[in-house]
Amino acid sequence: MLEIKDLKASIDGNKILTGINLTVNAGEVHAIMGPNGSGKSTLSSVIAGREEYEIEDGSITFDGESIMDLDPEDRSHKGIFLSFQYPIEIPGVSVSNFLKTSLNESRKAQGLEPMPAGNLLKMMREKMELLEIKKGFLSRSLNQGFSGGEKKRNEIFQMAMLEPKLAILDETDSGLDIDALRIVANGVNKLKSKDNATIVITHYQRLLDYIVPDFVHVLYNGKIVKSGTKELALELEEKGYDWIIKEAEGK
Amino acid sequence: MNLKDKLIQAYKDGATQGLSFESERSKHIQRFDELGFPTIKDEEWKYTNLLPVLKSDYQLSEDESEVTALSIKEYILTDTDTHLMVFVNGEYSEELSSIDDKQATICTLSEAQLKAPEILKHYWGSCISKTPDTLVSLNTALSKEGAFIHVPKNKVAEKPIQIIYITNGVSSDLFLQSRNLIVVEENAQVQITERHQNFDGKEVFTNALTEIHAADYSVVDFYKIQNDNRSCSLIDNTWVKQGKNCNCTVDTFSFGGKFIRNNLSFLLEGEHSESNMRGITLIGKNQLVDHHTMVDHAVPNCLSNEMYKGIFDDNAKGIFNGKVMVRPNAQKTNAFQSNNNLLLTDSASIDTKPQLEIYADDVACSHGCTIGQLDDEALFYLRSRGIPFKEAQAMLMYAFANDVLSNVKIPELKEKLNRIIAEKLGVDISLEI
């Protein structure tokens with residue numbers, strides 16, 4: 001589904017990604033871990049199409065096609081979704097209007113008619129239930145005055161509405177208490193199928209108790225320096241990153 | 001003959017003969033003769049050059065022309081039960097208007113001479129300061145017709161009143177002086193909308209003046225929809241005088257026209273009153289919108305709220321000048337002013353200037369101006385959810401302007417404004433919350 005080859009990216013002349021190779025297939029969950037500043041968030045932004053980053057080399061293909069030249073909205077229409085580490089507050093745009101526009105623009109891109117209001121509302125209600133979101137939520141301004149937990153829940157709510165093929169969860173666990181974490185993880189798990197894939201970016205093993213990865217990658221200095229299965233995450237939790245850094249630098 | 005001479009000649013030739021207030025008119029035409037049109041040398045007109053507007057060869061009146069009821073539909077509220085006053089080329093159109101004035105007297109100024117001569121005499125011109133802008137003098141001297149609204153004590157005008165000034169089928173460019181007098185008595189309420197609309201693409205220059213007298217315990221909401229043809233220029237002078245415990249709002253929505261200057265002045269004469277001034281300006285190529293506001297806190301314990309939002313595209317030019325005067329005895333005044341602007345291009349500009357003159361010591365006054373661009377992070381966020389760039393921009397701009405729109409109390413008007421904004425932003429998405 002997603003294939004990244006030797007990806008190098010920089011911002012304002014600073015090299016952030018120095019050669020990423022990553023293949024994600026349908027039905028898989030990949031966890032990307034790594035110390036602060038290793039390039040985790042940059043990788044997710046670059047996949048989603050953030051224009052501030054300069055791609056210096058390498059390729060990103062999605063379903064066999066290069067997406068390097070696509071705008072963020074086109075990538076979204078192809079089924080890529082990024083759950084933001086810090087969702088943006090947008091006063092004056094309600095959650096419901098935002099979702100309606102988002103969903104209908106995606107439908108338009110697929111040549112579909114806008115979803116009838118009744119169906120849309122029904123769908124919103126179902127997904128809200130899944131994420132234990134309260135009723136009044138829809139009419140609130142997008143992320144404005146939301147608690148950390150509400151913001152992250154809102155991200156997964158959007159993901160549930162858009163039903164992406166590839167979801168990238170960028171530190172979705174940060175700022176969540178244990179109950180919110182459980183709800184969010186539960187939501188993600190219910191949305192999982194053999195046709196979609198998830199990339200979970202996280203600092204901590206904690207989230208991976210709930211969203212169990214098939215593969216774990218360690219990012220360091222803009223490169224994946226070690227890959228393994230979920231046991232690798234446990235090992236990191238126990239031993240920290242130092243041994244991997246040493247191993248990587250020793251190479 | 002230049003425009004100034006033409007105007008003075010018209011007065012001498014008896015343009016206002018037989019109309020009331022002869023001595024007032026003569027005083028003001030003299031004043032206009034002495035001082036002429038304002039220029040950029042006047043402090044109040046420093047950033048707004050009126051000269052290009054004055055260059056056209058305007059005629060000063062025009063015969064009535066046909067505008068069918070159907071063709072004005074687009075410019076008025078149609079689903080709301082309202083009183084409708086339509087003026088065509090400066091004359092009242094009985095045919096296009098519809099008024100049933102059970103709660104209030106709603107008529108033209110010339111009819112008011114018969115229907116309510118005492119009120120007219122008492123209030124006409126009384127709101128205006130002694131040394132107004134010379135354009136106010138010009139209007140006072142030469143205005144002939146306009147709307148007269150009188151809401152008696154304890155009455156609520158249940159239906160909003162729409163005033164629309166149309167120009168159509170004129171033989172050459174036209175310079176008009178329109179004038180409204182609104183008197184809202186004690187404990188009375190009214191909602192009014194006003195619009196100037198040209199139909200034929202001629203250059204029309206309107207120097208409008210509205211006086212609003214709001215007595216104790218009254219509530220007045222006045223909405224100005226400025227979305228005229230690009231050939232048109234408007235100077236809109238509005239004078240509001242408030243008694244005690246009364247609440248007045250003037251909201252100005254500026255989208256169209258090539259040149260708009262708003263002079264909005266509030267005088268708070270009674271305690272515990274509230275003045276609201278809000279505006280959205282959304283303009284583009286070769287357009288200029290200037291908001292000059294003044295709120296005069298002459299007594300203690302009043303509140304004034306000012307919120308203007310501007311979005312400027314292409315080479316649009318905006319001017320905001322907000323003066324707040326707090327007189328020495330006006331203790332416990334609350335005065336808030338904000339002017340926030342988005343510049344979408346490098347060639348768009350805004351000159352913004354808050355002017356606070358505070359002579360009382362126990363007051364809460366604040367002001368803030370911002371000038372910025374759309375937030376890249378927010379744009380990326382919306383785009384990452386599949387919302388295309390243009391629509392994402394539109395959503396953010398709408399969100400930016402929304403605090404002003406959310407205060408509009410007539411639902412159909414709010415919808416209409418939403419549609420105009422979506423159209424101006426070139427998107428086909430529903431923007432309402």
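Predicted model: local features only at pLDDT ≥ 70, side-chain atom pairs only at ≥ 80, totals over all residues.
Local features need pLDDT of at least 70 and side-chain atom pairs count only at pLDDT 80 or more, while totals for chains, interfaces and linings use all residues. Residues are numbered from 1 along each chain as its sequence is written, and chains are lettered from A and ligands numbered from 1 in the order in which they are written.

Reader: In what order do the six strands of the open sheet in chain A stand?
Author: Strands are DSSP runs of E, at least two residues, and helices are runs of H or I, at least four, numbered from the N terminus. Two strands pair if DSSP finds at least two bridges between them. The pairing in this sheet is mixed. The order is 6-9-10-3-11-12.

Reader: Which strands of chain A are the edge strands?
Author: An edge strand here pairs on one side only. The twist averages 20 degrees from one strand to the next. The edges are strand 6 (80-83) and strand 12 (223-228).

Reader: What angle does helix 5 of chain A make with strand 6 of chain A?
Author: Helix 5 (residues 148-162) packs on the sheet and touches strand 6 and strand 9 of chain A. Contact means C-beta atoms, placed from the backbone, within 7 Å. Axes are lines fitted to C-alpha atoms, for helices over the stretch in contact, and angles run from 0 to 180 degrees between N-to-C directions. The angle is about 170 degrees.

Reader: Is A:Asp6 buried or exposed?
Author: A:Asp6 lies in strand 1 (residues 2-11) of chain A. Its phi is positive, about 45 degrees, although it is not a glycine. A residue is buried with 20 or more other C-beta atoms within 10 Å of its own, exposed with 12 or fewer, and partly exposed in between; C-beta atoms are placed from the backbone. A:Asp6 has 12 such atoms, so it is exposed.

Reader: Where is B:Asp314 found?
Author: B:Asp314 also has a positive phi, about 50 degrees. With 13 other C-beta atoms within 10 Å, B:Asp314 is partly exposed. Its place is the loop between strand 15 (303-312) and strand 16 (317-326) of chain B.

Notes. Contact = placed C-beta atoms within 7 Å.
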